Amino acid sequence: MEFDFTPVITYFPTLLKGVGVGSLVAVIVAFMSIVGGLLVAVISIYINKIVSWPLRFFIWLFMTTPLLLQLYFLYFGLGEWILIPAIFVGILGLGFHYMAYNADIFVATIKSVSNGQYEASRSLGFGHAATIFYIIVPQAFIRSIPQLGNNMILMVKDTSVLSAIGVAELVYASQYAISVSFRPFEFFIVIAAMYYLINIFMELGQVWLERETAYRR
Amino acid sequence: MNTERNKDEPMIEIRDVHKSFGDLEVLKGINLTVNRGKIVSIIGPSGSGKSTLLRSVNHLEVIDQGNILLDGVQVNRPDMKGLQFERHINHIRQNMGMVFQHFNLFPHLSTIDNITLAPRKLKKMPPKIARELGMELLNRVGLASKADVFPNWLSGGQKQRVAIARALAMEPKVMLFDEATSALDPELVEEVNQVMQSLAEEQMTMLIVTHEMGFARDVSDWAMFMDGGVVVEECAPQKLFSNPDQERTQNFLRKHLNS
């Protein structure tokens, strides 16, 4: 079998555009899932059961069903009544999915901050909410970095699933090129390498962040 | 200033305080008054209720019965609910510095930020002035060079000195010490004792729960021995540590001084 990478080179700008769309989605989803996950965790731990119950249900729902199904549901299922642009559906779907996973991490790390920290803050005169904001959450966040990093690497790879609903990210971008060039092997190996590179950089970032925060743990 | 009169002003009043954990009554009607500028030490075996009593003063334990007053203001207010009580207790606690056995420094903040966080956020002190105050306090505990170091890089003794500085930053009327040196290696106890000694010389009102018999004897104006949730004996420290009346006190001191 002979390899021919010329179509890959021809369509490389299209692939790069796909990387751009995927990265944009990933950045928004990362922000949404981390901030949202933190809120969900804080509410479900500190606010009374009646408020936190729907949130627990939401976490349970997104963690026990496949991402692809969630995307299909939001895009085609809800599409019967309201057609949301694919990229928004992708951001919302991925965002909620990883928000649930991140919330799970934050719940564990918030609970891992010792009661002595809470008492020390309260004894200085900080209120309950201020203690959560200034003392508990920052410490929990630092402890969450390794697992958040792992989740975000998974999330970046999962942006490829958005091709199923037509978001023009990297995998989707390659599909047209493959259909005209008949060179799936070459395209997919190059795309795999691109994901690999992105993840290497993310892992380096994660290692750097962990090292930078180690002395604050 | 009329210091003589001030000296007899009660700063901490503990009146008939009861506290139970489930079926176990750990405080069985405790009374104690600490006057302005005085230092009272509480000693006793583990489980005697001495830490619970001290924590009750800061409302970290909620008492079941009795009253606790700080400078004439009632700390426990069973009549207040929710946010109203929170505002009340936050205000009270700003006048009370608490030092814990395990330091409880905030690991995500530098030494200086540990000290200045409360004045900046609670008293709205400008950062520059807060830093000056923080440096002054660090100087006082001999750790000015450690201002921008994080707590995990400090020794136990240094951590506790920072914790004392942090408590002092709110300019409290009283300081509460909950076995402040119990978690320290023996060679680090002295540096913390020195800081507490210097506070004593500045006439800080202090309530100290401790296992350091020698320190308690030297620094206190009054000493109290607790066991089983009751005050067994209280008197001037010279007498309590050398010639106590009660047999339980004698037994405790014998065991403690021999070990």
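So, how are α3(A) and α5(A) oriented to each other: roughly parallel or roughly perpendicular? They're roughly perpendicular, a label for angles of 65 to 115 degrees. Quick housekeeping: this is a predicted model, where local features need pLDDT of at least 70, side-chain atom pairs count only at pLDDT 80 or more, and totals for chains, interfaces and linings use all residues. Residues are numbered from 1 along each chain as its sequence is written, chains are lettered from A and ligands numbered from 1 in the order written, and side-chain values use heavy atoms, leaving out hydrogens and water.

Back to the pair. Helix α3 is residues 49–64 of chain A, α5 is residues 86–112 of chain A, and they pack at about 115° with axes 9 Å apart. Helices here are DSSP runs (H or I, at least four residues), and the axes are lines fitted to C-alpha atoms over the stretch in contact, with angles from 0 to 180 degrees between N-to-C directions. On the α3(A) side you've got A:F58, A:I59, A:F62 and A:M63, meeting α5(A) residues including A:F96 and A:Y101; contact means heavy atoms within 4.5 Å. That contact divides into 9 nonpolar, 2 polar and 1 charged residue.

Now the interface. Chain B puts in 26 residues and chain A 21. About 2,100 Å² is buried between them, 60% of it from carbon and sulfur atoms; that's accessible area lost (1.4 Å probe), summed over both parts. In chain B, B:F106, B:H108 and B:F150 lose the most area to chain A, together 27% of what that side buries.

Note on methods
Helices (H or I, at least four residues) and strands (E, at least two) are DSSP runs, numbered from the N terminus. Angles under 35 degrees count as roughly parallel, over 145 as roughly antiparallel, 65 to 115 as roughly perpendicular and the rest as oblique. Ala, Val, Leu, Ile, Met, Phe, Trp, Tyr, Cys and Pro count as nonpolar, Asp, Glu, Lys and Arg as charged, and the others, Gly among them, as polar. Buried area is the accessible area (1.4 Å probe) that two parts lose on being put together, summed over both.
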